[in-house]
Amino acid sequence: MFALATVKDVETRLGRKLASEAETGRVVALLDDASALVRDVAGATWVDEDGTEHPDRVPPTIRYVVLRAVDRAIRNPDGFSAESDGDYSYQRIGVEPGIYLTPGEERAIRRAMGRTGLWTQRVERGDLCVADTIWVRDSYGQEPFPYDVWY
C-alpha cells in the first residue's frame, strides 16, 4: 500500500535533503509504519477493491499526522524524554521510541474522517431468548408481576 506522505514532504519539513541512501531507506520505512497506524485509526485505506490507489483523496490532516509521527522518530530516534546540562534541564512527557500517535493526533484523524459526535453502541450479546416467566411478589403484598428470565 502507498505511503500517506512522501520522502519529499519529509525533506521539506526537515529543511534539508536526506544525507544518504540509508537515511532515505529509513524514512521510507517510517512513512510506511506511520501510514499503517493512521489507516488503522482512520478506518480507511484510500485503495479501491480493485487495487486502485487514490493518494489525491487523502485529507491534508492525515498527511500532517503521518509527517508529525515520522518527524518525531527522525529527530528523537531513541525516545529520550529528558536532557540536562548544568543548571539547565528539559523534560517531555509521553515520549516513546519509534513511530506512535499521540491522543491528540488520533482525535485529529477521527475529525478528518468525520468520525466525531454520537454513535450507536450495541448493548446486548446476540439474540435474546425468553427462557421462562417467573411470577414475583413484591414486599408490599401487591399482586404478583411477571419477571422474564433472559439468557
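So, which residue in the turn of the β1 and β2 hairpin has a positive phi? Before I answer, some housekeeping. This is a predicted model, where local features need pLDDT of at least 70, side-chain atom pairs count only at pLDDT 80 or more, and totals for chains, interfaces and linings use all residues. Residues are numbered from 1 along each chain as its sequence is written, and side-chain values use heavy atoms, with hydrogens and water left out.

Okay, the hairpin. The residue is Gly-86, with a phi of about 65°, and 2 residues sit between the strands. β1 (residues 82-85) and β2 (residues 88-91) run antiparallel, joined by 4 bridges; strands here are DSSP E runs of at least two residues, helices H or I runs of at least four, numbered from the N terminus, and pairing takes at least two DSSP bridges. Across from Glu-83 you'll find Tyr-90 in β2.

Now helix α2, residues 21-42. With 22 residues at 1.5 Å each, it should span 32 Å, and the end C-alpha atoms are 31 Å apart, so that agrees; the expected span is 1.5 Å times one less than the number of residues. Its buried residues (under 20% relative accessible area, 1.4 Å probe, protein chains only) include Val-27, Leu-30, Leu-31, Ala-34 and Val-38. The buried residues of α2 pack against α1, α3 and α4 (103-112).

Key
Buried means under 20% relative accessible area, exposed over 50%, partly exposed in between (1.4 Å probe, protein chains only). Contact means heavy atoms within 4.5 Å.
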